[in-house]
Amino acid sequence: MLGVLGKGRRMICSLLTQAPFPLAYYSSPSSIYKAKPSGYLPRISSGFLGPISCSAILAFCSKSGEVGGMASSLQNQGSITYLTQREAAEIDEVLMGPLGFGVDQLMELAGLSVATSIAEVYKPSEYNRVLAICGPGNNGGDGLVAARHLYHFGYRPFVCYPKRTSKPLYSGLVTQLESLSIPFLSVDELPVDWSNDFDILVDAMFGFSFRGAPRPPFDNLIEKLVHLNNYKQMQQKSPVIVSVDIPSGWHVEEGDVDSEGIKPDMLVSLTAPKLCAKKFSGPHHFLGGRFVPPSIAEKYKLHLPPYPGTSMCVRIGKPPQIDISALRENYISPDFLEEQVEADPIDQFRKWFNDAVAAGLKEPNAMSLSTTGKDGKPSSRMVLLKGVDKDGFVWYTNYESRKARELSENSHASLLFYWDGLNRQVRVEGSVQKVSDEESEQYFHSRPRGSQIGAIVSKQSTIVPGRHVLHQQYKELEEKYSDGSLIPKPKHWGGYRLQPERFEFWQGQQSRLHDRLQYSPQEINGKRSWRIDRLAP
């Protein structure tokens, strides 16, 4: 857990022996999964799946302040503090003593951190079925909390919780899961072969206070996780394993001593990584526990990575090796049919734009502007849409920039809107003209004063000796207009309007059979209208 020890955590010790306990594969002939199809899962209520989209999960997990920013900061492994077992225990005692944290608070933060870390890497559209294997202590409580959050993120969690405690905290967590109709599976109900029935296995059995060797049924459950390594080595289908804070069965400081333990695909360290995490060789190592106060960090000289944006997790360790050719998304979208679209493409654009705003997508007005000068060499950049009407699409910029120069040489350009969370994009092609001085003046003075000063300072696309020059010029102008007087619009700054001549609306679909509807102008009986054609994907 996020480092929660306390007296209650020591209850785990009653489950341990001093000598190693023999391990064996579990293979109950009475398993309810026997003779069932590989996709079969028991006792799922009709209202089981939550309505949260993958894009919403990603927005919560990881979106930083930058457009399209990758969520998790990668940190050099040597620059992060790793805790001994004693240090981890001491930090727990301080947190739950002088600093006033409760076990329930820390457990909630831990479970949320685990769930968001999982959502960061394993999308529910591809890794939907989750089995959380929970031990009797606080590490198991973290798993119970994580299962609840994963349900709300759109996953289908199942829980194996063999050694329940009657303590109110844990009973409450069980009640919360039962109220969501999340199935609890006994050890006897688990399938013989986990590789076909689950996509993610959450190892939340034992945390950093674990000593000795696990007793039944956890010895068999750990051995089942170990056995899955063989599937991976043979490149067979196998669920991914996510360990909470410590891979169960590992030595807290020395790690997988005999190299025969669990080899998780993801490790979610909590508060700060423990020494054993240095031996973790899986592709995904995350840190959760965004709550460590400065007094703790100073006392234990903790060097921890900053958390991006509002995220509860941050990637640490080495970045995973990625096969770019294997990156792909199998889009799942509603049908986009000719009879359902608006006759006017501007109306259809407004409809989709409103959907993007309602979905909470970041900067839905961001668009790629592509231009070509007289040399025929194209260039693209992201700009922000600031107006759309029957006459076209408006944005503002510096009239002495590269794009402005290219537009003066070739007025034809294209715009591209991409709304990832909705699997949609819109392409618009047309000719570009400057908007009126009055329109540019009006918009300029509607901007924040800082943006107005920035437009004066920036001689866009020209070479500057360093950022300090821009800051100095900005500071001088800021002082000049500190009395609140009107900031004059630069003559070299204003708006452009692209008048559309062609539209294409694209919506991603499964198996790359995407919907593409093209609007092109036509004249019927002397009146201009738009022809709608479907293009092959």
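Predicted model: local features only at pLDDT ≥ 70, side-chain atom pairs only at ≥ 80, totals over all residues.
Residues are numbered from 1 along each chain as its sequence is written, and side-chain values use heavy atoms, with hydrogens and water left out.

**Overall picture**

- The protein has 13 helices and 16 strands, where helices (H or I, at least four residues) and strands (E, at least two) are DSSP runs numbered from the N terminus.
- Of the 537 residues in the protein, 50% are buried; buried means under 20% relative accessible area, exposed means over 50%, and partly exposed lies in between, with a 1.4 Å probe and protein chains only.
- Among contacts with a separation of 6 or more, 74% join residues 24 or more positions apart, a contact being heavy atoms within 4.5 Å.
- The protein exposes about 26000 Å², of which carbon and sulfur atoms supply 51%; accessible areas come from the Shrake-Rupley method with a 1.4 Å probe, and for residues only the protein chains shown count as cover.

**Binding site listed in UniProt**

- An unreviewed UniProt entry lists Asn 139, Asp 203 and Ser 248 under "binding site"; the positions are given in the numbering used here, feature names are shortened, and annotations may be inferred rather than shown by experiment.
- These residues span 110 residues in sequence, yet no two of their C-alpha atoms are more than 9.9 Å apart, so they gather at one spot.
- Asn 139 lies in helix H5 (residues 138-152) and is buried, with a relative accessible area of 0%.
- Asp 203 belongs to strand S3 (residues 200-204) and also counts as buried, at 0% relative accessibility.
- When neighbours within four places in sequence are left aside, the residues in contact with Asp 203 include Asn 139 and Ser 248, and among the others are Ile 133, Leu 225 and Val 242.
- A polar atom of the Asp 203 side chain lies 3.5 Å from the backbone nitrogen of Met 205.

**Cysteines**

- A disulfide is a covalent bond between the sulfur atoms of two cysteines.
- With a disulfide taken as a pair of cysteine sulfur atoms within 2.5 Å, the count comes to zero.
- Cys 134 is in no disulfide, and the nearest cysteine sulfur, that of Cys 160, is 8.1 Å away, which is too far for a bond.
- Cys 134 is buried, at 0% relative accessibility, and Cys 160 is likewise buried, at 0%.

**Backbone features to look for**

- Most residues other than glycine have a negative phi, and most peptide bonds are trans.
- The peptide bond from Pro 216 to Pro 217 is cis, with omega near 0°, and Pro 217 is found in the loop between S3 and helix H7 (218-233).
- Thr 271 has a positive phi of about 70° although it is not a glycine, and this residue is in the loop between strand S5 (266-270) and strand S6 (284-288).
- Thr 271 is buried, with a relative accessible area of 3%, whereas Asn 525 is exposed, with a relative accessible area of 78%.
- Asn 525, a residue other than glycine, has a positive phi near 55°.

Note on methods: Polar contact = N/O pair within 3.5 Å; in protein donor to acceptor, adjacent residues only side chain to side chain.
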